[in-house]
Amino acid sequence: MPAILELSGLTRRYAGLVAVDSVDLAVTPGTIHAIIGPNGAGKTTLFNLISGITPPSEGQIRLLGHTVTDEPAYRRAALGMGRTFQNIRIFAAMTVLENVLTGLAPRFPGGLAAVIALLPSLRRAERSAVARARDVLDRVGLLSKADTPAASLPYGDQRRLEIARALASAPRLILLDEPAAGMNPAETAALALLVRKIRDAGTTVLLVEHDMSFVMNLSDHITVLNFGRRIHDGPPGDVKRDPRVIEAYLGPKVAARLAAQRQTTPGP
Ligand code: ATP
């Protein structure tokens, strides 16, 4: 199956530092694909390159068969890419419903003339936007709070609201940047259910996350970065056994000690 997102040789340099170093990546449609790595590994930079916030120094990005390397963020969004951010970015003074409406691209069937003349098509477009926003809120479990000011939502719900806004434009691929950050265990469990539901409804999920048990239980595929380089790429079962990953997270001394212990411990 052709990849929904394909990166080849993607590189971003900052002065003397290579934040993302020749990364190749293929995201299979219909999967939950996680990008992990220790602090400073280049995960956020990679997300910013993919979504068009940061231009690459080298390499290529293909989205749904289109080369988008030099396309601005809004063009990538129009092609079917949605995104949430590490820090919550909601409009606190707006209601939950209004926040989701901001994620909907305006669709005025009659064009500018219809807007000026306030033709019925405009009202129809508004009604359909509200219906779509309510549908998305239902999918993320926030419909009962549609008229609540966003600022009064508990933290976990604010994160769900961000996901709802990103889903409003019906993306084919959604990028979730540390979606479980700051969540309690109950919120994290509910989030895992939601992410699965998003995938099962046909949106491919690419996420960056620090919570290892969340990632291991949820992902179909994991890519590990360290110092900007891709050091592992495969199904979750293989990640914990890869010596390069163990070394990246625990350092060379601890990794060597663990390897020595494994060699001296008799097998089952
Ligand atoms: P964390 O898990 O801590 O969020 P990360 O894996 O997301 O880290 P990045 O934030 O992508 O890592 O940073 C990768 C490297 O690039 C780091 O060394 C960081 O200091 C550097 N870096 C990121 N953005 C810039 C920038 N705008 N200017 C200079 N260096 C940068």
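A polar contact is a pair of N or O atoms within 3.5 Å; within protein, one must be able to donate a hydrogen and the other to accept it, and residues adjacent in sequence count only if both atoms are side-chain atoms. By that criterion, a polar side-chain atom of His210 lies 2.9 Å from an oxygen atom of the ligand. The model is predicted: local features need pLDDT of at least 70, side-chain atom pairs count only at pLDDT 80 or more, and totals for chains, interfaces and linings use all residues. Residues are numbered from 1 along each chain as its sequence is written, and side-chain values use heavy atoms, with hydrogens and water left out.

**Ligand contacts**
- An N or O atom in the side chain of Lys43 is 2.7 Å from an oxygen atom of the ligand.
- A polar backbone atom of Gly40 is 2.9 Å from a ligand oxygen atom.
- The protein buries 60% of the 630 Å² that the ligand exposes when taken alone (Shrake-Rupley method, 1.4 Å probe).

**Ligand shell**
- The residues around the ligand (a heavy atom within 4 Å of it) include Tyr14, Leu17, Pro38, Asn39, Gly40, Lys43 and His210.
- The shell divides into 5 nonpolar, 6 polar and 1 charged residues, with Gly counted as polar.
- Strand S2 (17-27) and helix H1 (43-51) each supply at least two shell residues; these elements are DSSP runs (helices H or I, at least four residues; strands E, at least two), numbered from the N terminus.
- H1 gives the largest share of the shell, 3 residues.

**Charge over a ring**
- The charged end of Arg89 sits over the ring of Phe85, 3.8 Å from its centre (NZ of Lys or CZ of Arg within 6 Å of the ring centre and within 35 degrees of the ring normal).
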